[in-house]
Amino acid sequence: MAERKSITLALMDPPYETARVTTAFRLAEAALRKGIDVNVFAYEGAVALGFAQQKPHANSVKGTTVEEEGHPNTRAWLAALVKLGDGQEGRGRLDWVNCGLCVDERGVFEQAGGRRGSPADFHAFIQRSTNVLTIGTR
Amino acid sequence: MGKILNVVERAYQGTLEEQDDQALWLVHTLQKAGGEHAVLLRGPAVSYAVRGQSVGSLEIAGVKAGNPPRLDQDLEKLRAAGVDLYAVREDAAERGISREEAIAGIQWVSRSEVPRLFVEASRVFAW
């Protein structure tokens with residue numbers, strides 16, 4: 001039986017600032033759909049990706065209402081990935097860990113998904129992953 | 001007194017998540033509030049002027065972006081709101097962008113003309 005593959009992503013970027021987070025989300029989705037387990041260590045600003053108090057908004061420049069704008073906050077994408085990464089029907093499992101100290105620094109305690117952890121979790125991910133991709137802040 | 005010149009260089013950073021460009025959005029809002037603004041696109045941001053660009057329908061794990069960014073259209077709306085639009089000619093040429101591909105209403109300037117824009121502006125905001 002082939003060994004189950006897994007990838008670890010280390011993310012540092014906060015939401016709404018770069019294209020790297022969106023790319024990481026898409027990579028995670030692609031891996032999960034291929035049956036590859038995905039571990040994420042959200043570090044520094046990335047712990048705000050799942051902050052549950054994020055709210056979609058209307059866009060006064062576009063003249064759109066909240067509904068018309070259909071703005072998915074990163075918390076919604078994260079929650080969808082957690083749901084997708086349930087390991088069912090051939091999909092991979094997602095284990096999303098937020099750096100606890102980074103959460104404390106930012107006060108983003110309420111999360112839409114994932115769990116609180118530490119660099120020790122990242123170390124464990126590294127040890128057991130097929131590969132690791134670090135996506136740092138630039 | 002000249003307009004406030006907003007130099008936009010950083011491009012496509014957070015636009016998928018925000019569904020627009022943060023600097024352009026703020027300029028539009030400030031203009032609507034009664035400000036007098038201009039935008040200078042330089043570096044990677046000259047690509048914002050390319051007509052017809054679209055990211056289609058971005059969807060992650062079944063959650064769809066309802067209103068993906070249309071930077072070319074956002075520039076046209078800025079112009080309609082009275083914002084002067086400039087772009088650096090050499091930066092476009094380096095990226096293979098021709099004027100024919102760009103939206104109308106862009107005032108193309110060379111790099112050597114940028115200091116003049118700075119001098120004429122009441123303030124210069126670098127984004």
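Two strands are said to pair if DSSP finds at least two bridges between them. In chain B of this predicted model, five strands form an open sheet in the order β6-β5-β2-β1-β7, and the pairing is parallel. The strands β6 (107-109) and β7 (123-126) of chain B stand at the edges with a single partner strand each, so one side of each is left without a neighbour in the sheet. From one strand to the next, the twist averages 25°.

**The sheet of chain B**

Strand β2 of chain B, residues 37-41, is mostly covered, since five of its five residues are buried. The cover extends to both faces of β2(B), with B:H37, B:V39 and B:L41 buried on one side and B:A38 and B:L40 buried on the other. Strand β2(B) pairs with β1 (residues 4-8) of chain B, to which five bridges join it in the parallel sense, and in this pairing B:V7 has B:L40 as its bridge partner. Strand β2(B) also pairs in the parallel sense with β5(B), here over four bridges, and B:V39 stands opposite B:L85 of β5(B). Strand β5 (residues 84-88) of chain B is in turn joined to β6(B) by three bridges, again in parallel, with B:A87 opposite B:W108.

**The sheet of chain A**

Chain A also has an open sheet of five strands, whose order is β4-β3-β2-β1-β5 and whose pairing is parallel. Its edge strands are β4 (115-117) and β5 (131-135) of chain A, each of which pairs on one side only. Neighbouring strands in this sheet are turned against each other by 25° on average, direction ignored. Strand β1 (residues 6-11) of chain A is joined to β5(A) by five bridges, and the two run parallel; within this pair, A:A10 stands opposite A:T134. Helix α1(A) packs on the sheet, where it touches β1, β2 (37-42), β3 and β5 of chain A, and its direction makes about 165° with that of β1(A).

**A covered helix**

How many of the 11 residues of helix α3 of chain A are buried? Nine of them are, so described because a residue counts as buried if 20 or more other C-beta atoms lie within 10 Å of its own. The helix covers residues 74-84 of chain A, and its buried residues include A:W77, A:L78 and A:L81, as well as A:R75. What covers the buried residues of α3(A) comes from both chains: it includes α1 (20-33) and β3 (94-99) of chain A, together with α1 (15-18), β3 (59-60) and β4 (63-64) of chain B.

**The contact between the chains**

In the contact between the two chains, 19 residues of chain B meet 26 residues of chain A. On the side of chain B that touches chain A, the elements that give two or more residues are α1 and α2 (22-32) of chain B. The residues of that side divide into seven nonpolar, eight polar and four charged.

The secondary structure of chain A comes to five helices and five strands, which run β-α-β-α-α-β-α-β-α-β from the N terminus on. The radius of gyration of chain A is 15 Å, close to the 14 Å that the globule rule gives for 138 residues, so chain A is as compact as a globular protein of that length. Chain B has five helices and seven strands, and along the sequence its pattern is β-α-α-β-β-β-α-β-α-β-α-β. For the 127 residues of chain B, a compact globule would have a radius of gyration near 14 Å, and the 15 Å of chain B agrees with this.

| Chain | Extent along principal axes | Buried residues |
|---|---|---|
| Chain A | about 55 × 35 × 25 Å | 43% of 138 residues |
| Chain B | roughly 50 × 35 × 20 Å | 35% of 127 residues |

In chain A, residues 24 or more positions apart account for 70% of the contacts with a separation of 6 or more. In chain B, among contacts between residues at least 6 apart in sequence, 71% join residues at least 24 apart.

**Confidence**

The model scores ipTM 0.78 and pTM 0.84. Chain B averages a pLDDT of 95, and 100% of its residues score at least 70.

Notes. Residues numbered from 1 in each chain as written. Chains lettered and ligands numbered in written order. Predicted model: local features only at pLDDT ≥ 70, side-chain atom pairs only at ≥ 80, totals over all residues. Buried ≥ 20, exposed ≤ 12 C-beta atoms within 10 Å, placed from the backbone. Contact = placed C-beta atoms within 7 Å. Rg over C-alpha atoms; globule rule 2.2 N^0.38 Å. Axes fitted to C-alpha atoms, helices over the stretch in contact; angles between N-to-C directions. Nonpolar A, V, L, I, M, F, W, Y, C, P; charged D, E, K, R; others polar. pLDDT = per-residue confidence, 0-100.
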